[in-house]
Amino acid sequence: MKCPVCGKYASDDSMKVAEHMMRKFDEQHIDWMEAHGLKQLVLNGVNENKKGNYRLLAQLLDKMATKTGG
Ligand SMILES: [Zn+2]
């Protein structure tokens, strides 16, 4: 799947895409996460070491990929 925000990153692994979004963490990506109810994740984003935080985002990406057929 592609990064739904910038489309510049793609991986078969939703965790990798989630990680990309958390790494980028610019206004574009933060706005998208907030718009999709992940404000909590954005706030937690400062704790970069907590990889478990990506899971919520990855799950959302998976859900969206299923809906749109990838
Ligand atoms: Zn991106």
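These are my notebook entries on what I looked up in this predicted model.

**Ground rules**

I number residues from 1 along each chain as its sequence is written. Because the model is predicted, I take local features only at pLDDT of at least 70 and side-chain atom pairs only at pLDDT 80 or more, whereas totals for chains, interfaces and linings use all residues.

**Confidence and overall layout**

I looked up the confidence before anything else: the mean pLDDT (the predictor's confidence in each residue, from 0 to 100) of the protein is 84, and 81% of its residues reach 70 or more. Among the elements, I noted that helix H3 (residues 39-44) has the lowest mean pLDDT, 72, while H2 has the highest, 93.

For secondary structure I used DSSP runs numbered from the N terminus, with helices being H or I of at least four residues and strands being E of at least two. On that basis I found four helices and zero strands, and the pattern read along the sequence is α-α-α-α.

I then checked burial, calling a residue buried if 20 or more other C-beta atoms lie within 10 Å of its own, exposed if 12 or fewer, and partly exposed in between, with C-beta atoms placed from the backbone. Buried residues make up 21% of the 70 residues in the protein.

For contacts I required the C-beta atoms of two residues, placed from the backbone, to lie within 7 Å. Of the contacts with a separation of 6 or more, 42% are between residues 24 or more positions apart.

**The core and helix H1**

I looked next for a nonpolar core, meaning a set of buried Ala, Val, Leu, Ile, Met, Phe, Trp, Tyr and Cys residues joined through C-beta atoms within 7 Å. The largest one has 11 residues, namely Cys3, Val17, Ala18, Met21, Met22, Met33, Leu38, Leu41, Tyr54, Leu57 and Leu61. At least two residues of this core come from each of helix H1 (14-24) and helix H4 (52-68), and H1 gives the most, with four residues.

I listed the buried residues of H1 as Ser14, Val17, Ala18, Met21 and Met22. Seen down the axis of H1, these residues fall within an arc of 135 degrees (taken from the directions from the helix axis to the C-beta atoms), so they line one face of the helix. I kept in mind that an α-helix has 3.6 residues a turn, so residues three or four places apart point the same way.

**Ala18**

Ala18 lies in helix H1, and I count Ala18 as buried because 26 C-beta neighbours lie inside 10 Å. Leaving aside neighbours within four places in sequence, I found Ala18 in contact with Tyr54, Leu57, Ala58 and Leu61. I also looked up Ala18 and Gln59, which are 41 residues apart in sequence and 9.0 Å apart in space, C-alpha to C-alpha.

**Asp62**

The C-alpha atoms of Asp62 and Ser14 are separated by 6.3 Å, although the two residues are 48 apart along the chain.

**Phe25**

Just after H1, I came to Phe25, which takes a positive phi of about 50 degrees in a residue other than glycine.

**Gln28**

Gln28 lies in helix H2, and I recorded Gln28 as exposed because 12 other C-beta atoms lie within 10 Å. Not counting residues up to four places away in sequence, Gln28 touches Val5 and Cys6. From C-alpha to C-alpha, Gln28 and Val5 are 6.9 Å apart in space and 23 residues apart in sequence.
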